[in-house]
Amino acid sequence: MKLLVLLFSVVMLSCSKSGKKALESGEYYQAALQSIEKLRKDSDNDKSLEVLPNAYKLAQEDLLRDISRAKMANQQFKYERVVDDYAKLNELHDRIEKCNACRKIVSPDSYFREYEDAIEMAATERYDYADALLRRGTIESGRAAFENFNELIRYAPNYKDVNAKAEEALFLGSYHVVVEQPGINSKMYQYSNDFFRGKIDEFLQTNRRLNKFIRFYQPAEAKQLKLNPDHVVRLEFIEFVVGETNLKSEKVNVMSKDSVRTGTAKIDGKNIDVYGLVNATVTRFHKSVRSRGLLSMEIYDYKSKKVLLRDELPGEFIWDNKWASFNGDERALSKLDLEAVKFKEQMPPPPQQMFIEFCKPIYDQFSSRIKRFYDKY
């Protein structure tokens with residue numbers, strides 16, 4: 001039974017590759033392509049030699065019939081359908097011409113002149129339609145024009161000034177957003193703020209278009225272009241504090257859990273080890289240095305001055321340092337205390353670095369919020 005299933009699978013696979021299955025299903029164009037590909041690899045394949053002449057003839061008849069119907073139809077952009085069909089006919093012609101075994105059994109017809117004529121007619125119609133949309137001058141018509149110019153570029157990328165027109169339509173159909181970065185009136189933190197602004201700029205450059213219809217600008221860039229934006233994103237630090245220090249210490253008396261050797265004693269002239277519990281005083285220190293900030297994020301419509309979004313983005317960074325010291329017998333210390341006494345008090349990071357650290361979660365919130373906001377645009 002398994003052998004029969006295997007043989008059936010091999011036969012079906014062979015038929016599929018030869019184009020026979022596609023031919024029997026009425027998929028003549030696919031059947032022709034499959035048989036050509038099979039003969040290109042195996043010029044003596046009996047099934048493909050049998051399939052190709054019939055598949056090519058039927059595919060040609062089907063495509064020419066579809067072209068005739070499309071030309072007669074009262075339908076917008078009907079010549080794009082004609083372009084696609086002529087492209088398929090020429091594809092069959094080119095593939096057969098490049099296959100020695102195929103050329104021996106089929107003489108393919110070319111339709112290159114007809115294809116060029118169809119492209120001219122299709123391109124003219126699509127271009128005129130898209131250009132009319134562009135002249136309406138609205139965001140919605142700009143987006144529709146952009147999609148139509150792109151459809152034209154698909155089959156006629158060099159038609160007139162279609163690429164420039166597509167860019168013009170994209171500009172018209174886009175929301176142009178200027179992002180105003182926060183300033184800091186402190187020389188100490190100027191470098192750190194520049195670093196944060198640099199991260200925002202990097203995000204805007206990398207995501208200059210969150211989608212194809214959103215475009216971000218720096219204020220200087222917008223001024224140079226004399227741009228009247230649609231939206232302005234204003235970022236401003238409401239407050240920030242760097243280096244709030246909190247030092248805690250606790251002094252505890254500890255005792256060993258088990259008896260340990262504390263000395264010797266002479267009994268009956270013999271030195272005997274003496275065991276007992278030992279103690280020590282441990283002082284545990286915990287220093288935390290907290291830095292935090294709050295960034296205001298406001299998006300407003302430039303023309304109406306209406307606020308579209310107002311949010312506050314908090315950020316925090318806490319630097320911790322733990323260490324300990326002791327007096328007494330070290331053997332009274334727990335494992336945790338033994339580890340702690342190995343450490344000494346450390347200096348916290350410089351203020352500029354702590355500023356950068358608390359800005360990191362603010363940056364993450366900014367990038368996610370602005371993406372979420374412009375998803376609807």
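**Note on the disulfide, charges and backbone of a predicted model**

1. The structure holds 1 disulfide, a term used here for a pair of cysteine sulfur atoms within 2.5 Å. The model is a predicted one, in which local features need pLDDT of at least 70 and side-chain atom pairs count only at pLDDT 80 or more, while totals for chains, interfaces and linings use all residues. Residues are numbered from 1 along each chain as its sequence is written, and side-chain values use heavy atoms, with hydrogens and water left out.

2. The disulfide is formed by Cys99 and Cys102, whose sulfur atoms are 2.5 Å apart. The torsion about the S-S bond of Cys99 and Cys102 is about 65°, and the disulfide is therefore right-handed. Both Cys99 and Cys102 are buried, where buried means under 20% relative accessible area, exposed means over 50%, and partly exposed lies in between (1.4 Å probe, protein chains only). Another cysteine, Cys359, also counts as buried, because its relative accessibility is 3%.

3. The structure holds 29 salt bridges, each being a side-chain nitrogen of Lys or Arg within 4 Å of a carboxyl oxygen of Asp or Glu. One of them joins Arg290 to Glu244, with the closest N and O atoms 3.3 Å apart. Since Arg290 lies in strand 6 and Glu244 in strand 3 (residues 231–255), the pair ties together parts that are 46 residues apart in sequence; helices (H or I, at least four residues) and strands (E, at least two) are DSSP runs, numbered from the N terminus. Arg290 is partly exposed, with a relative accessible area of 31%, and for Glu244, which is likewise partly exposed, the value is 31%.

4. A further salt bridge is made by the side chains of Glu345 and Lys287, at 2.6 Å from N to O. This pair links distant parts of the chain, 58 residues apart, with Glu345 in the loop between helix 12 (335–340) and helix 13 (351–374) and Lys287 in strand 6. The two partners fall into separate accessibility classes: Glu345 counts as partly exposed at 46% relative accessibility, whereas Lys287 is buried, with a relative accessible area of 11%.

5. Within helix 13, Glu357 and Lys360 lie 3 residues apart, about one turn of the helix, and their side chains meet in a salt bridge of 3.2 Å, N to O. Glu357 is buried, with a relative accessible area of 18%, while Lys360, at 41% relative accessibility, counts as partly exposed. Elsewhere, salt bridges that share partners join Glu239, Glu244, Arg290, Arg292 and Glu316 into one network.

6. Which residues form the negative surface patch? The patch is made by Asp42, Asp44, Asp46 and Glu50. Patches are made of residues with over 30% relative accessible area and no salt bridge, like charges being joined within 9 Å and nonpolar side chains (Val, Leu, Ile, Met, Phe, Trp, Tyr) within 5 Å. Asp44 has its place in the loop between helix 3 (28–41) and helix 4 (46–72), and it counts as exposed because its relative accessibility is 59%.

7. Most residues other than glycine have a negative phi. Lys160 lies in the loop between helix 8 (139–155) and helix 9 (162–172), and it is exposed, with a relative accessible area of 56%. Lys305 is placed in the loop between strand 6 (279–301) and strand 7 (307–328).

8. Two C-alpha separations may be set beside their distances along the chain. Pro314 and Gly276 are 38 residues apart in sequence and 55 Å apart in space, C-alpha to C-alpha; Pro314 is found in strand 7 and is partly exposed, with a relative accessible area of 44%. For Asp201 and Gln218, which are 17 residues apart along the chain, the C-alpha atoms are separated by 8.0 Å. Asp201 is found in helix 10 (residues 190–206), and at 24% relative accessibility it counts as partly exposed.

Conventions. Areas by Shrake-Rupley, 256 points an atom, 1.4 Å probe, with all protein chains shown as cover. Lys, Arg positive; Asp, Glu negative; His and termini not counted. Charge placed at Lys NZ, Arg CZ, Asp CG, Glu CD.
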